[in-house]
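Trainee: I have a structure open and would like to talk it through with you. Could you take my questions as they come?

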Amino acid sequence: TSQLKRLKGPVLVMCGENDVLTPRWCQEVLRTNIPNSKLVIIQNVCHAFTIESPKVSKRLIRWFIKEVEENRWEGDQTAFIATDESAETFDLIPCRRNHTRQIPLS
């Protein structure tokens with residue numbers, strides 16, 4: 001844990017809402033100790049979120065890569081909940097704020 005603060009690259013921490021193998025407190029350790037990170041919790045899934053919710057996982061990874069490649073990544077150690085799949089966008093709902101951020105599919 002003490003070495004996490006040394007990570008300089010952009011980090012997207014992803015986890016399943018109902019993950020009992022790597023519970024939320026473990027994700028919080030990563031989020032709060034990696035300076036350039038952001039946490040996204042995927043709803044209604046467990047540890048294998050990439051298999052349980054592949055569309056949301058794929059969209060999040062694509063969004064992360066695009067943000068980094070276009071120099072728009074804000075690793076501000078915030079935490080979000082990804083909404084379930086929709087036709088055109090999905091939302092990232094801040095865990096401690098009263099607004100959402102829409103993420104386009106492309």
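Trainee: What share of the residues in the protein chain is buried?
Mentor: Of the 106 residues in the protein chain, 39% are buried, where buried means under 20% relative accessible area with a 1.4 Å probe and protein chains only. This is a predicted model, in which local features need pLDDT of at least 70 and side-chain atom pairs count only at pLDDT 80 or more, while totals for chains, interfaces and linings use all residues. Residues are numbered from 1 along each chain as its sequence is written, and side-chain values use heavy atoms, with hydrogens and water left out.

Trainee: Which residues are buried in helix H1?
Mentor: In H1, which covers residues 24–33, the buried ones are Gln27, Glu28, Arg31 and Asn33, and they pack against strands E1 (11–16), E2 (37–42) and E3 (79–82). Helices (H or I, at least four residues) and strands (E, at least two) are DSSP runs, numbered from the N terminus.

Trainee: Switching to rings, how many aromatic pairs are there?
Mentor: Searching the whole structure gives 2, a pair being rings of Phe, Tyr or Trp (its six-membered ring) with centres within 6.5 Å, called stacked under 30 degrees between planes, edge-to-face over 60 and tilted for the rest. Phe64 and Trp73 make an edge-to-face pair, at 4.9 Å centre to centre and 85 degrees between the planes.

Trainee: Why does Phe64 count as buried?
Mentor: Phe64 counts as buried because its relative accessibility is 16%.

Trainee: And which aromatic cluster does Phe64 form part of?
Mentor: Phe64 forms one cluster with Trp63 and Trp73.

Methods: Buried < 20%, exposed > 50% of the residue type's maximum accessible area, 1.4 Å probe, protein only. Contact = heavy atoms within 4.5 Å.
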